[in-house]
Amino acid sequence: MHWTAVTGIALVAGVLGAALGIAYRPRPVPPPPSSIDRFWEPVTSSLNPATFCLGEPARNIDVGSIGSFDAPIPQSKPEPLYSRLRYSGSLALADVITLTRTAAALETRHKTFRVVPASDATFAQLREGPVVLIGAFDNIWTLRITQNLRFGFESRNGVALLVDRKSQKPTSWATAWDLPYGKLAHDYAIVARIHDRTTGQPVIIAAGISAEGTEAAGEILYNPVYLDSLLSHAPPDWDKKNLEAVIETQVIQGHSGPPNVLAVETW
């Protein structure tokens, strides 16, 4: 065979070998989803926008008259225009801080969402897509949805309580309403990820008795270190279950410390 032909065959064989090597090169295996991805998956995988429902300090919510989902939210007298302008858009600062931090989990995953104050959120809106509830006693929807869970909020005899409805013993997760704010040393909060039967939607909750508890609960929703600490108390298949947890945070000079997990329930 002529030398030029041999060289040509060798070149063609080399090109084909390289092409086959490229074709059969194994594709890189994507990393497994993080705990944050898994926690937010019911929200981020939904085709509908999520609703962030925030508490309002300007509203006076009577905890004792929450009622059931079938009962309408009590309507006050028609607001004068000047009053509406004064209080419109007034949201709890801690709830807004929690919103800005947790919403990043949706923004980085290109998930659309809307923000509504609790008093303006309708039951019909909450049925349209996933819901994120921020705040407890300033958010009537948090109070309503948690009233059927193991851990929930109550107000009795001048004390704000985070209760365990499966325990016969009263919990110590409480704060007196008349406690001077500067003397608040501990706060308690609920972190939850559930599929709510009434709305038919996934619901995520970050709600403290006071503002510091809400902020600490919010940290769990975006900080993988704190979330992993909570999930260490849950079964391996937690992402296929409903999950509710009680956390405690130490309060120093009006600032919350790291969240400490006190109890976890999955079902």
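Let's start with helices H4 and H7. The axes of H4, residues 93-107, and H7, residues 211-222, come within 9 Å and cross at roughly 5 degrees. So H4 is roughly parallel to H7, a label for angles under 35 degrees. Axes here are lines fitted to C-alpha atoms, for helices over the stretch in contact, and angles run from 0 to 180 degrees between N-to-C directions. Helices (H or I, at least four residues) and strands (E, at least two) are DSSP runs, numbered from the N terminus.

A word on the source: this is a predicted model, where local features need pLDDT of at least 70, side-chain atom pairs count only at pLDDT 80 or more, and totals for chains, interfaces and linings use all residues. Residues are numbered from 1 along each chain as its sequence is written, and side-chain values use heavy atoms, with hydrogens and water left out.

Which residues meet between H4 and H7? On the H4 side, Ala94, Asp95, Ile97, Thr98, Arg101 and Thr102. On the H7 side, Ala211, Thr214, Glu215, Gly218, Leu221 and Tyr222. Contact means heavy atoms within 4.5 Å.

The largest nonpolar core has 30 residues. Such a core is a set of buried Ala, Val, Leu, Ile, Met, Phe, Trp, Tyr and Cys residues joined through side-chain atoms within 4.5 Å. Buried means under 20% relative accessible area, exposed over 50%, partly exposed in between (1.4 Å probe, protein chains only). Phe39, Trp40, Phe52, Val191, Leu230 and Ile247 have the most contacts inside this core. Beyond four places in sequence, Val191 touches residues including Ala217, Ile220 and Leu221.

On to Pro202. It sits in strand S8, residues 201-208. Buried or exposed? Pro202 is buried, because its relative accessible area is 13%. Pro202 and Val43 are 159 residues apart in sequence, yet their C-alpha atoms are 6.7 Å apart. Leaving out residues up to four places away, Pro202 touches Pro42, Pro130, Val131, Ile194 and His195.

Last, the sheet. It is open, with three strands in the order S4-S5-S6 and antiparallel pairing. Two strands pair if DSSP finds at least two bridges between them. The edge strands are S4 and S6, residues 174-176. Twist averages 20 degrees from one strand to the next. S5 and S6 have three bridges, and Ala160 stands opposite Thr175 in S6.

Gly158 lies in the loop between S4 and S5. At 39% relative accessibility, Gly158 is partly exposed. Its contacts, beyond four places in sequence, are Ala176 and Trp177.

Conventions: Angles under 35 degrees count as roughly parallel, over 145 as roughly antiparallel, 65 to 115 as roughly perpendicular and the rest as oblique.
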